[in-house]
Amino acid sequence: MPSSDPRTLQSFSPSYISSPAAAPTPEMPSSTPHTPQSFSPSYTSSPAASPSNPSSSDILVPSLPSPYSSPPSFQDHSSHDASPAAAPSFSFPSSAPVPSPPPLAAPTPSPPSMATPSPARPTPSPSTKLRLKVGYYKRSCPQAENIIRAAVRSATSKNPGIGAGLIRLHFHDCFVQGCDASVLLDPTPTNLQPEKLSPPNVQSLRGFEVIDLAKKALEKACPGRVSCADIISFAARDASLFLSSGRINFQMPAGRLDGRVSLSSEALQFLPPPFSNLSQLINNFKAKNLDEDDLVVLSGAHSIGVSHCSSFTGFLAPNPPAMDPTFAAKIQSKCAVRPNVSSDPTVMQDIMTPNQLDSRYYTNILKRNVLFASDAALLSSQRMSIKVLENAFIPSRWEMKFAKAMVKMAAIELKTAANGEIRRMCRVINN
């Protein structure tokens with residue numbers, strides 16, 4: 001980072017998030033349908049926040065034997081409509097370390113059945129640098145993961161789009177300044193353009209209010225113990241659990257510190273735009289120590305959410321060769337010729353299962369039913385096409401890879417005591 005970049009203090013300011021309409025989630029009674037937002041290497045947008053935003057009083061944390069007890073049990077995973085236990089029972093305690101699942105066999109020439117697999121046990125976390133470890137708050141703040149999970153459940157039960165926004169918030173945080181909650185910092189008189197006001201973020205990121213509510217509850221339970229960066233990582237983990245009906249269930253190591261720097265220019269520099277070609281995408285991920293498999297796997301979060309038309313209309317030339325003509329016609333009918341701030345509609349990224357975090361995205365790629373040039377780019381080489389096929393036809397393998405890639409991404413460029421802290425409020429640095 002250039003030495004001339006301003007390193008400014010952040011001050012608290014009101015949330016920029018508006019409230020979404022209620023929508024169903026796998027574990028709650030059905031309500032008005034709503035389309036969530038995925039995190040992605042593109043400038044997509046999540047739905048506005050719900051009128052009934054959760055308050056700190058909504059985060060109910062009943063007594064549990066231990067927040068590190070056995071993983072949640074889901075009775076029926078025969079379809080994406082399987083419903084976990086109702087929220088009041090608080091049936092999702094933080095996952096405990098479990099033995100590694102048996103290795104998966106290599107894919108056979110003929111694709112296996114598309115039937116939904118049996119639920120996998122939590123994916124063991126790959127090793128991470130520095131001090132990150134599973135159960136980091138077991139002694140210093142035993143209820144930490146439970147408090148965060150309760151906040152995520154409360155929000156996603158009203159609007160699954162908030163859960164999708166939390167996954168995307170994790171991506172946008174880690175790719176800029178590392179996983180340090182710099183994306184949460186508000187503007188100040190000396191830094192008018194932090195990350196959250198950068199073009200890729202300003203009208204699309206959601207979930208800030210969930211992080212705020214979780215932090216408020218955590219500061220009451222154990223002041224000064226839990227970093228905002230860890231809250232983002234846990235929230236993304238829990239959102240993945242709820243949006244996948246429990247199939248994506250993994251342990252998230254913790255011990256991150258919060259950063260003190262947030263610059264709009266760096267979001268533009270490091271977040272891959274939706275018009276990226278394959279070479280650009282690979283280089284973006286390689287710069288963050290993520291490989292081609294991570295690129296393909298994490299792009300699978302495009303199975304949930306909506307996108308502003310302005311994010312892909314450049315891809316909508318007459319009869320776009322990389323898009324199915326029927327799909328392109330539908331999208332063109334919903335998007336203005338020249339989207340602008342006052343007229344920039346949103347469209348679903350996955351019309352089949354828009355509220356489910358699943359492997360449908362890869363089927364959409366194969367059918368050319370995707371919105372972004374960066375999505376279509378995954379078929380521009382044979383080696384990447386093979387990865388897309390594997391994820392499309394072996395959902396359980398993608399679910400396991402997605403969990404591991406999320407943990408791997410959560411260890412990008414961690415702060416140390418020299419340049420990090422545990423913020424008292426997530427929107428402002430301590431001094």
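Student: Let's start with the rings: which residues do ring pairs link into a cluster?
Tutor: Rings of Phe, Tyr and Trp (its six-membered ring) pair if their centres lie within 6.5 Å; planes under 30 degrees apart are stacked, over 60 edge-to-face, and the rest tilted. Pairs of that kind join up a cluster made of Tyr-361, Tyr-362, Trp-398 and Phe-402.

Student: What kind of model is this?
Tutor: Residues are numbered from 1 along each chain as its sequence is written, and side-chain values use heavy atoms, with hydrogens and water left out. Local features need pLDDT of at least 70, side-chain atom pairs count only at pLDDT 80 or more, and totals for chains, interfaces and linings use all residues, this being a predicted model.

Student: How many helices and strands does the chain have?
Tutor: Helices (H or I, at least four residues) and strands (E, at least two) are DSSP runs, numbered from the N terminus. Along the sequence they read α-α-α-α-α-α-α-β-α-β-α-α-α-α. The tally is twelve helices and two strands.

Student: What share of the 431 residues counts as buried?
Tutor: Buried means under 20% relative accessible area, exposed over 50%, and partly exposed in between (1.4 Å probe, protein chains only). By that cut-off, the buried share of the chain's 431 residues is 59%.

Student: Are helices α1 and α4 oblique or roughly parallel to each other?
Tutor: Helix α1 (residues 144–158) packs on helix α4 (residues 228–243) at about 50°, with the axes 9 Å apart. Axes are lines fitted to C-alpha atoms, for helices over the stretch in contact, and angles run from 0 to 180 degrees between N-to-C directions. Under 35 degrees counts as roughly parallel, over 145 as roughly antiparallel, 65 to 115 as roughly perpendicular, and the rest as oblique. The two helices are therefore oblique.

Student: Which residues of α1 meet α4?
Tutor: Contact means heavy atoms within 4.5 Å. On the α4 side, the partners include Ile-231, Phe-234 and Phe-242. On the α1 side they are Glu-145, Ile-148, Arg-149, Val-152, Arg-153 and Thr-156.

Student: Is Ala-181 buried or exposed?
Tutor: Most residues other than glycine have a negative phi. Ala-181 has a positive one, near 60°, and lies in the loop between α2 (160–174) and α3 (208–221). With 0% relative accessibility, Ala-181 counts as buried.

Student: What about Asn-289, buried or exposed?
Tutor: Phi of Asn-289 is also positive, near 60°. The residue is in the loop between α6 (278–286) and α7 (292–298). Its relative accessible area is 60%, so Asn-289 is exposed.

Student: Which residues does Gly-207 touch, not counting those up to four places away in sequence?
Tutor: Gly-207 is in the loop between α2 and α3 and is buried, at 0% relative accessibility. Its C-alpha is 8.7 Å from that of Ala-164, 43 residues apart along the chain. The residues Gly-207 touches are Ile-162 and Leu-166.
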